[in-house]
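Keep the structure open beside the text and look for each part as it comes up.

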Amino acid sequence: MTNSVPPSSSGSSSTTGRSLAGKRILLIVGGGIAAYKALDLVRRLRERGARVRVVMTAAARQFVTELSFVSLSGERVFDDLFSPTDEGAMGHIELSRDADLLVVAPATAHLLARMARGFADDLATTLLLATDKRVLVAPAMNVRMWLHPATQRNVAALHADGVYFVGPAAGDMACGEFGPGRMSEPLDIVAAIETALQGDTRLPLPAGLHGRTPAPARSLAGRHVIVTSGPTHESIDPVRYLANRSSGKQGHAIAAAAAAAGARVTLIAGPVALADPPGVEVRHVETARDMLEACEAALPADIFVSAAAVADWRVDVSASKVKKQPSGAPPTLVLRENPDIVARIGARKEGRPTLVVGFAAETNDLIANARAKLERKRCDLMVANDVSVDSGVLGGEANEVHLVSARGVETWPRQDKSKVAAMLIERLAEQLRRRQGAAGEPPIAEERQ
Ligand code: C5P
């Protein structure tokens with residue numbers, strides 16, 4: 001049985017037609033803030049000709065009223081497993097089978113857990129266990145709950161059992177966080193219902209943690225990874241600063257990939273216009289010295305990835321705004337060298353992370369410069385990339401990198417920064433296993449420059 005439906009195919013449902021005429025939907029409403037969207041879902045389904053019977057969990061009643069569902073569905077609402085009148089009129093087996101599709105929306109983490117374990121401790125779970133029909137689930141929960149390994153295990157188990165999924169979507173959440181966990185919009189759920197009713201939807205995986213791609217192997221489970229990302233700002237005076245064009249996209253993508261691989265991740269981020277990646281502990285800093293302090297405070301770690309474009313110099317800060325001189329003479333900025341964060345981490349006698357990775361962003365002599373930095377900064381690996389204006393790397397979505405280590409140079413094709421991040425994390429996980437397994441490392445690649 002295959003079981004995932006595209007949440008994005010809402011095109012067919014954005015226009016009201018009788019696309020669901022005569023279809024019988026049993027809608028199980030779980031107890032989450034997204035339950036209010038289930039009201040709109042009922043309306044959309046009815047508009048398309050479906051008959052909708054609603055089952056509410058006890059928790060759902062904390063968020064929406066039975067009366068609202070009765071009004072919108074035109075049917076009574078079911079919720080009692082032990083009602084003698086219900087069992088007389090229509091038993092739970094019959095209720096679950098007198099439907100073309102069971103839809104769980106919103107499906108909370110708790111409801112998914114009960115479904116995955118086969119609980120039958122209320123009417124909703126009993127119906128889900130007793131049914132011989134397809135089940136479509138629209139998860140809705142806090143991003144960390146969704147990313148938790150327990151929820152992932154439950155989703156994987158349900159998927160393996162043949163349950164269909166729509167969403168969750170990523171975005172701002174009611175709890176103030178950002179990431180995957182929002183229930184799909186009603187029209188997307190309608191589209192998924194239409195697809196699920198067609199039956200043979202051969203999409204292999206539930207929409208999930210990482211869009212609709214498989215959850216990656218948990219190759220860094222139990223590891224701690226520190227990543228620096230973005231530029232630093234070095235104040236000149238209270239209103240001005242020195243900065244650079246780093247967007248933080250590559251560093252943030254590496255932090256997200258490490259979290260997806262199961263690591264505990266500390267991201268030390270300079271000032272960027274990016275959302276904090278889900279499942280990552282983020283420390284926001286401004287200057288190179290703040291960044292160094294935050295990095296040292298975050299140790300120990302297994303892997304340190306220095307993707308930030310740290311300012312090499314800072315300015316002697318003026319306490320008040322620097323004014324134009326009547327003479328027109330420009331002010332003199334006295335620059336002082338900043339600490340080299342990755343070099344300090346790489347040179348640590350105690351508590352040096354097993355793998356220290358630097359980035360060499362260069363506009364010329366890329367590999368030679370990266371090699372020199374690898375040695376000078378005592379890194380295990382330098383990720384070299386061309387940041388000349390023509391390359392479009394700074395601020396762009398794609399990156400072409402060369403992995404430079406004592407064992408050679410490996411060039412990866414130009415690809416999306418998230419792909420670079422995922423590949424880098426898998427490479428580092430492999431090297432960590434080898435190092436810690438003391439098996440010795442084979443050369444990563446022949447020189448291809
Ligand atoms: O010397 P350069 O700035 O090109 O070196 C780049 C590498 O060194 C990057 O990994 C960057 O994060 C790191 N770096 C640092 N502290 C500095 C300057 C660079 O950690 N002050």
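## A pair of strands to start with

Strand S1, covering residues 24–29, pairs with strand S4, covering residues 101–107, in the parallel sense over 4 bridges. To find the spot on screen, look for Ile 25, whose bridge partner in S4 is Leu 101. One thing to keep in mind as you look: this is a predicted model.

These two strands belong to an open sheet of 6 strands with parallel pairing, in the order S3-S2-S1-S4-S5-S6. At its edges are strand S3 (77–78) and strand S6 (164–165), each of which pairs on one side only. Helix H3, made of residues 66–73, lies across strand S2 (51–56) and S3, and it runs at about 170 degrees to S2.

## The whole protein

Now zoom out. The protein has 15 helices and 22 strands. Of its 449 residues, 44% are buried.

How do contacts link residues along the chain? Among contacts between residues at least 6 apart in sequence, 73% join residues at least 24 apart. Ala 113 has its place in helix H6, residues 109–117. Is Ala 113 buried or partly exposed? It has 16 C-beta neighbours inside 10 Å, so Ala 113 counts as partly exposed.

## A sheet with mixed pairing

The next sheet to find is an open one of 8 strands. Its order is S13-S12-S9-S14-S17-S18-S20-S21, and its pairing is mixed. Strand S13 (281–284) and strand S21 (408–411) are the edge strands, each pairing on one side only. On average, neighbouring strands of this sheet are turned by 15 degrees against each other, direction ignored.

S12 and S13 run parallel and are joined by 4 bridges, with Ile 268 standing opposite Arg 283 in S13. S12 also pairs with S9, in the parallel sense over 6 bridges; here Ser 229 has Ala 269 in S12 as its bridge partner. On to S14: S9 pairs with S14 in the parallel sense over 4 bridges, and Val 227 has Val 305 in S14 as its bridge partner.

How many of the 6 residues of S9 are buried? The count is 5, so S9 is largely enclosed by the rest of the structure.

## Helices lying across the strands

Helix H11, residues 249–260, lies across S9, S12 and strand S14 (303–306), running at about 165 degrees to S9. Helix H12 lies across S9, S12 and S13, and runs at about 170 degrees to S12.

H12 consists of residues 288–298, and its buried residues include Ala 288, Met 291, Leu 292, Cys 295 and Ala 298. These residues are on the same side of H12, because they cover an arc of only 130 degrees around the axis. Among the elements covering the buried residues of H12 are strand S9 (224–229), strand S10 (234–235), strand S12 (264–269), strand S15 (313–315) and H13.

## Helix H14

You can look at helix H14, residues 366–376, in the same way. Its buried residues are Leu 366, Ala 370, Lys 373 and Leu 374. They cover an arc of only 105 degrees around the axis, which puts them on the same side of H14. What covers them includes S17, strand S18 (381–386) and strand S20 (401–405). Just after H14, Arg 378 takes a positive phi of about 50 degrees.

## Around the ligand

Finally, turn to the ligand. It is surrounded by 15 residues, and the closest are Ser 306, Val 310, Ile 341, Val 342 and Gly 358. Helix H13 (341–346) and strand S17 (355–362) are the elements that give two or more residues to this shell. Which element gives the largest share? That is S17, with 3 residues.

What kinds of residues make up the shell around the ligand? They divide into 7 nonpolar, 4 polar and 4 charged.

Methods. Residues numbered from 1 in each chain as written. Predicted model: local features only at pLDDT ≥ 70, side-chain atom pairs only at ≥ 80, totals over all residues. Pairing = 2+ DSSP bridges. Contact = placed C-beta atoms within 7 Å. Axes fitted to C-alpha atoms, helices over the stretch in contact; angles between N-to-C directions. Near = placed C-beta within 6 Å. Nonpolar A, V, L, I, M, F, W, Y, C, P; charged D, E, K, R; others polar. Buried ≥ 20, exposed ≤ 12 C-beta atoms within 10 Å, placed from the backbone. Arc of directions from axis to C-beta.
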